Amino acid sequence: MYQPAITGSGVFTPTQVITNDELVLSFNAYADRFNSQHAEAIAAGEVQAKAHSSSEFIMNASGIMQRHVMDKDGVLDPEVMHPLLRQRTDDEPGIMAEMAMDACSKALAQAGRAPDEVDLVICAASNHERAYPAIAIEVQQLLGAGGFAFDMNVACSSATFGLQAAADMIRSGSVRCAVVVNPEICSGHLEWRDRDCHFIFGDVCTATVLERAEDAQGAHFLVTSTRCATQFSNNIRNNNGFLRRSRPAGTVDRRDMQFMQNGRKVFKEVLPLVVSHISGHLADSGVGADDLRRLWLHQANKTMNDFIGRKVLGRVPEADEQPNILQDYANTSSAGSIIAFSQYSDDMVPGDKGVICSFGAGYSVGSVLLERA
Ligand code: COA
């Protein structure tokens with residue numbers, strides 16, 4: 001058995017940014033157009049008028065101030081309201097692979113590893129741009145990595161579940177150097193015309209390098225334990241899939257082909273699940289809450305994270321104990337906790353312990369206990 005360690009991480013951040021004010025301006029223009037186009041039906045009570053969104057609500061309800069996206073123009077055009085992403089030919093890299101290359105290169109540079117030393121690539125994300133061949137295999141080829149590669153999807157917990165899969169393979173000796181990459185184009189599965197959720201997501205790609213601790217070239221984090229859990233729920237759901245075209249005529253509803261959630265229920269049901277998951281994992285691993293230097297939590301909602309931090313630590317966390325990045329990135333699905341880890345781990349010293357924890361659709365919860373070596 002080998003001791004797995006995270007030896008590098010990297011983040012690809014799209015250059016285009018949408019602030020809450022820009023988002024709300026566009027949504028309200030869309031709502032006004034909709035209302036004037038359907039004025040008669042609205043007056044007759046047949047169609048419900050669209051209410052305006054507000055930056056103040058978004059900030060108060062979520063803590064999100066802006067999001068990065070792969071295509072700002074399409075998202076903000078009231079006539080379009082979704083990203084316009086060029087269809088690539090089969091001969092050129094896909095958009096997820098392109099994002100992945102940037103994040104993987106940064107992570108490998110930090111680990112001091114050449115791409116041809118990698119013998120496992122896992123592309124773990126909430127959505128994949130095609131069914132097959134796997135995005136991970138495309139990334140493996142573009143990197144010039146060896147071994148094997150596969151895609152996996154556990155929605156917002158894709159990254160932590162991917163880390164567990166890679167860490168287990170390193171522990172057993174079946175792979176020696178793994179990259180887990182998370183290209184999350186959340187703008188493509190968000191319904192930007194739905195006021196209840198149009199502010200939630202952003203785009204990003206994260207990558208982590210895992211190796212045997214004995215192979216580490218520099219500063220690294222021992223993966224001391226991982227734990228994954230799932231419990232079925234329809235409260236976060238996206239019905240898009242390969243059987244879409246097989247539905248009888250007239251039964252395809254575009255809305256359910258995008259992200260849908262019952263946000264209040266998610267809030268209420270997921271919080272206790274996450275708190276007991278982290279607390280149980282810590283207790284079973286002999287790690288006290290007081291031993292934790294940092295929590296790198298899933299980035300969906302600030303109130304949610306504040307609550308989890310308070311319950312797990314038994315007190316209000318200090319600002320640097322539970323760093324949030326969602327104010328800058330919004331919810332980036334499985335990548336959120338990895339962005340937090342990547343941006344807030346350099347200051348940790350040998351012996352410092354922390355936990356990466358994701359939670360989301362499924363429901364799914366994944367926690368990864370780390371110790372700075
Ligand atoms: N602008 C202004 N008002 C809005 C609005 C917007 N964009 N969206 C909703 N509102 C209104 C609602 O219509 C509602 O009005 P009402 O009280 O008159 O009915 C009110 O604001 C409260 O809406 P609600 O949806 O209950 O807000 P909330 O406080 O639950 O916050 C979320 C919404 C989505 C931010 C919150 O529920 C959440 O973060 N849940 C967990 C999400 C999560 O983790 N999901 C995982 C995704 S991977």
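This is a predicted model: local features need pLDDT of at least 70, side-chain atom pairs count only at pLDDT 80 or more; totals for chains, interfaces and linings use all residues.
The strands considered here belong to an open sheet of 9 strands with mixed pairing. Their order across the sheet is S5-S4-S6-S7-S1-S8-S13-S12-S11. Strand S5 (148–152) and strand S11 (292–297) are the edge strands, and each of them pairs on one side only. On average, neighbouring strands of this sheet are turned by 25° against each other, direction ignored. Strands of a sheet pair through backbone hydrogen bonds, either parallel or antiparallel.

Several of the pairings can be followed strand by strand. Strand S6 (residues 177–185) runs antiparallel to S7, and 9 bridges join the two. Within S7, glutamate 211 stands opposite cysteine 177. Strand S7 (residues 203–212) is mostly covered, since 10 of its 10 residues are buried. S7 is also joined to S1 by 8 bridges, again with the two strands running antiparallel. Here threonine 206 of S7 stands opposite valine 11.

Threonine 7 is found in strand S1 (residues 4–12). Its relative accessibility is 5%, so threonine 7 counts as buried, the cut-off for a buried residue being under 20% relative accessible area. The side chain of threonine 7 makes a polar contact of 2.6 Å with the side chain of glutamate 211. Leaving aside neighbours within four places in sequence, threonine 7 is in contact with Gln110, Ala111, Val209, Glu211, Ala216, Ala219 and His220. Threonine 226 has valine 368 of S13 as its bridge partner. S13 also pairs with S12 in the antiparallel sense, over 8 bridges. In this pairing, glycine 354 stands opposite leucine 370 of S13. S12 and S13 form a hairpin with 3 residues between them. Glycine 362 lies in the turn and has a positive phi of about 140°.

S12 is largely enclosed by the rest of the structure, because 7 of its 8 residues are buried. S11 and S12 run parallel and are joined by 5 bridges. Tryptophan 296 stands opposite isoleucine 356 in S12. Helix H9 (residues 302–313) lies across S11 and strand S12 (353–360), and the helix runs at about 150° to S11.

The buried residues of H11 are Gly336, Ser337, Ile338, Ile339, Ala340, Phe341 and Ser342.

Arginine 244 is found in the loop between strand S9 (236–237) and strand S10 (260–261). With a relative accessible area of 31%, arginine 244 is partly exposed. Arginine 244 and methionine 257 are separated by 13 residues in sequence, and their C-alpha atoms are 8.6 Å apart in space.

The ligand is surrounded by 19 residues, and the closest are Ser53, Arg195, Gln261, Arg264 and Asn301. Two helices, H3 (55–62) and H8 (263–284), each supply at least two residues of the shell around the ligand. H8 gives the most to this shell, with 4 residues.

A polar side-chain atom of glutamine 261 lies 2.8 Å from a nitrogen atom of the ligand. A polar backbone atom of glycine 263 is 3.1 Å from a ligand nitrogen atom. For serine 54, a backbone N or O atom lies 3.2 Å from a nitrogen atom of the ligand. Taken alone, the ligand exposes 970 Å², and the protein buries 72% of that.

Conventions: Residues are numbered from 1 along each chain as its sequence is written. Side-chain values use heavy atoms; hydrogens and water are left out. Two strands pair if DSSP finds at least two bridges between them. Axes are lines fitted to C-alpha atoms, for helices over the stretch in contact, and angles run from 0 to 180 degrees between N-to-C directions. Contact means heavy atoms within 4.5 Å. Buried means under 20% relative accessible area, exposed over 50%, partly exposed in between (1.4 Å probe, protein chains only). A residue is near a molecule or strand if one of its heavy atoms lies within 4 Å of it. A polar contact is a pair of N or O atoms within 3.5 Å; within protein, one must be able to donate a hydrogen and the other to accept it, and residues adjacent in sequence count only if both atoms are side-chain atoms. Accessible areas come from the Shrake-Rupley method with a 1.4 Å probe; for residues, only the protein chains shown count as cover.
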